[in-house]
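Hi,

Here is the structure I promised to pass on to you.

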Number of protein chains: 2
Amino acid sequence: MRDAELTRQKILTVSADEIHKNGFTATSLSCILARCDISKGALYHHFTNKLELGYAVFEEVYAPAFIALWQPPVEAEDPIAGLCDFFSAMSKNMSCDEIVCGCPLNNLCQEMSAIDEGFRIRILAMQQQLNLLIATNLARVSHQLQPGLDFSQVAYFIVATFHGSSSLSKSSLNKELFDKVIKELCRYIRQLKR
Amino acid sequence: MRDAELTRQKILTVSADEIHKNGFTATSLSCILARCDISKGALYHHFTNKLELGYAVFEEVYAPAFIALWQPPVEAEDPIAGLCDFFSAMSKNMSCDEIVCGCPLNNLCQEMSAIDEGFRIRILAMQQQLNLLIATNLARVSHQLQPGLDFSQVAYFIVATFHGSSSLSKSSLNKELFDKVIKELCRYIRQLKR
DNA sequence: ATACATACCGACCATGCGGTCTGTAAATAC
DNA sequence: GTATTTACAGACCGCATGGTCGGTATGTAT
């Protein structure tokens, strides 16, 4: 065969990139076809429709990448330091375009949650998974933290602020606001200690 | 005349509502026309195109409402208490739909900043205006606050978290996450004191 | 060699969109 | 009373989109 799996992966990769940059609705299939250099027939052989393609991108590209991104800092010996280093590294290493582009999960959440149930439940599941990941690892070192903290609440707070910061940056087209918010976020996180 | 100004205002009001609910791109003119019970000719008599209608909605509906919303809590005698009460009142009084729908400014920021310069500069201006409003009022009571705070940074942090919290809520379709993040945000804000 | 399934091609279609244009009725100017 | 401008009405257009469908080439099984 003419490596069907490779074709499928190429479609997924390109689609993930396009959806990340333009959002799901604004991403046109013809654009994906052009970049993949395949025909419409090829795409509809592998995916039943645009929505199913979107779900596949979410499950096979975004979700694994998302977990792979957040797991290391949170599961580090010291999750407080891990998270601060994680965010600081973003400020330092990510390009302006990357930051302004934002997190695919948050972008899709804003765009698709109210429109499509399929996306909504997938996004919700990821957010809950991430929240659990952060909260349990904070609980793990609770003896080093302030008493009386609601770890789930703190975890949601951190993620909300992070996503809000990249949202803020979108209108200014530079990292400055992102850096500011991240700095303050790190200050907040460190303050959780003792 | 057949009250042209009234027609214009009706178009603006309905458009503001539709754009708030569906976003700018997904809002169709035909839907606006139907709700206003006017013809396409009427709309294009008052506005040159969809984009200009969007700008008008932003400047004449969203921007004034936005300032009217944020100014009182921030300019209160005690802005710390003002902001906490402001956010708590949102948790208490706003309907689930309102929260999930989110702030028009943040929604447009996410959707339109990367697509259209006209929207981007207007959104940016609003964000800077809000930041200045918060930062200067924090500076006003700086003697009551922790030393060494960067007020602009704190102001951006607060707004980022607030917008992030409503973003989070969109996937769960309820206020729970919003309430959690707002609670933690108030805790953070109160911690600025002393 | 034959048969069949898989992988892909690309013309075609219906739909909905923003936008235009011609026409008309109401208000105002003179 | 007439002329002109203002405030609409609504048919129409071009375009891009997601999706369909009949056909074709490439592989595998027998």
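Below is what I found, going from the arrangement of the chains down to single residues.

Please keep in mind that this is a predicted model. I began with how the two chains are related. Chain B can be laid on chain A by a turn of 180 degrees with a shift of 0.0 Å along the axis, and the RMSD is then 0.0 Å. That is the relation of a two-fold axis.

Next, the interface. Here 37 residues of chain B are in contact with 37 residues of chain A. Of the interface residues of chain B, 100% are also interface residues in chain A, so the copies meet through the same surface. Between them, chain B and chain A bury about 3,500 Å², and 59% of that area is on carbon and sulfur atoms. As for salt bridges between chain B and chain A, the count is zero.

What does Thr161(B) touch, leaving out residues up to four places away in sequence? In chain A, its contacts are Phe157(A), Ala160(A) and Thr161(A), while in chain B they are Val181(B) and Leu185(B).

Cys96(A) is in no disulfide, because its nearest cysteine sulfur, that of Cys101(A), is 11 Å away and the cut-off is 2.5 Å. Cys96(A) counts as partly exposed, at 25% relative accessibility. Cys109(B) is likewise in no disulfide, and the nearest cysteine sulfur to it belongs to Cys103(B), 9.5 Å away. Is Cys109(B) buried or exposed? At 0% relative accessibility, Cys109(B) counts as buried.

Lastly, the annotation. An unreviewed UniProt entry gives "domain: HTH tetR-type" for residues 5-65 of chain A. Over residues 5-65 of chain A, the chain is 80% helix and 0% strand. The end C-alpha atoms of that stretch are 20 Å apart.

Best wishes

Methods: Residues are numbered from 1 along each chain as its sequence is written. Chains are lettered from A and ligands numbered from 1 in the order in which they are written. This is a predicted model: local features need pLDDT of at least 70, side-chain atom pairs count only at pLDDT 80 or more; totals for chains, interfaces and linings use all residues. Side-chain values use heavy atoms; hydrogens and water are left out. Copies are superposed by least squares on the C-alpha atoms of residues with pLDDT of at least 70 in both. Contact means heavy atoms within 4.5 Å. Buried means under 20% relative accessible area, exposed over 50%, partly exposed in between (1.4 Å probe, protein chains only). UniProt positions are given in the numbering used here, feature names are shortened, and annotations may be inferred rather than shown by experiment. Helices (H or I, at least four residues) and strands (E, at least two) are DSSP runs, numbered from the N terminus. Buried area is the accessible area (1.4 Å probe) that two parts lose on being put together, summed over both. A salt bridge is a side-chain nitrogen of Lys or Arg within 4 Å of a carboxyl oxygen of Asp or Glu.
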